[in-house]
Amino acid sequence: MRRQFSSYVIGALSLAAFAFVPAQAADNAAIKEKAAVCSGCHGENGISQTENIPSLAGQPDQFIQWQLVFFRAGSRKNDQMQPIAEEITNEDVRNLGAYFAAMTPPKAAEDGDPDLSKKGAQVAVGRRCASCHTDSFAGTKAVARLAGQREEYLVKALHDYKSSQRVGGGGAAMADVAYHMSDEEITAVAHYLAYFK
């Protein structure tokens, strides 16, 4: 626990060092080159076509910055992300946050199970998801966009929060929310959010 906390503090301090300054006149070619590494998993234009890999397009700038710093500090763990995040600079973090935030988010497909979405909507209201993620579930600042995100990724993320495998940022709030959710509720709310329009 102490190690997780110190990783979190190190990550927070390194992020505070550049204090969410938006990328201004950064070299677009250099940003695209850095982002090209991301597209291998997260998809062209930041829209994932790969199971359990989230779409980045339209995620809030600060949210992306924080996640990169958490991966870089080791407080958030992923075998693919760790070595990539360790190589990026603070400037890269700022630029990548702005780059993906400016992209058009994924459009939700037609909902094939409206009854499951109805159950998921009830879960979202009961768990007060909109109080952090906004009424449109588009996220804001350091809070993730959920609308249109890959369904199986949302299920995985909620299970990771529930089992305390995912930490960092709003992890404490999310762990508390997810801990009290049944598997059926997780399935329903993930479906609802993935198809939310």
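A: One term to start with: buried means under 20% relative accessible area, exposed means over 50%, and partly exposed is in between, using a 1.4 Å probe and protein chains only. Phe-137 is buried, and Tyr-192 is buried too.

Q: Is this an experimental or a predicted model, and what are the ground rules?
A: This is a predicted model, where local features need pLDDT of at least 70 and side-chain atom pairs count only at pLDDT 80 or more, while totals for chains, interfaces and linings use all residues. Residues are numbered from 1 along each chain as its sequence is written, and side-chain values use heavy atoms, with hydrogens and water left out.

Q: What pLDDT does the chain average?
A: pLDDT is the predictor's confidence in each residue, from 0 to 100. The protein chain averages 88, and 85% of the residues score at least 70. Over residues 1-25 the pLDDT is below 50, and beyond near neighbours in sequence this stretch has 31 contacts in the model (a contact means heavy atoms within 4.5 Å).

Q: How many helices and strands are there?
A: The protein chain has 10 helices and 0 strands. Both are DSSP runs numbered from the N terminus: helices are H or I with at least four residues, strands are E with at least two.

Q: How much of the chain is buried?
A: Of its 197 residues, 41% count as buried.

Q: What about H10, which residues are buried there?
A: They are Ile-186, Ala-188, Val-189, Ala-190, His-191, Tyr-192, Leu-193 and Ala-194. The buried residues of H10 pack against helix H6 (114-126) and helix H8 (151-162).

Q: Why does Tyr-192 count as buried?
A: Its relative accessibility is 16%, so Tyr-192 counts as buried.

Q: New topic: how many aromatic pairs does the structure hold?
A: It holds 5. Rings of Phe, Tyr and Trp (its six-membered ring) pair if their centres lie within 6.5 Å; planes under 30 degrees apart count as stacked, over 60 as edge-to-face and the rest as tilted. Phe-137 and Tyr-192 form an edge-to-face pair, 5.9 Å centre to centre with 85° between the planes.

Q: Which parts does that pair tie together?
A: Phe-137 sits in the loop between helix H7 (130-133) and H8, and Tyr-192 in helix H10, so the pair ties together parts that are 55 residues apart in sequence.

Q: And what about Tyr-192 and Phe-196?
A: Their ring centres are 5.6 Å apart with planes at 80°, so that pair is edge-to-face. Phe-137, Tyr-192 and Phe-196 form one aromatic cluster.
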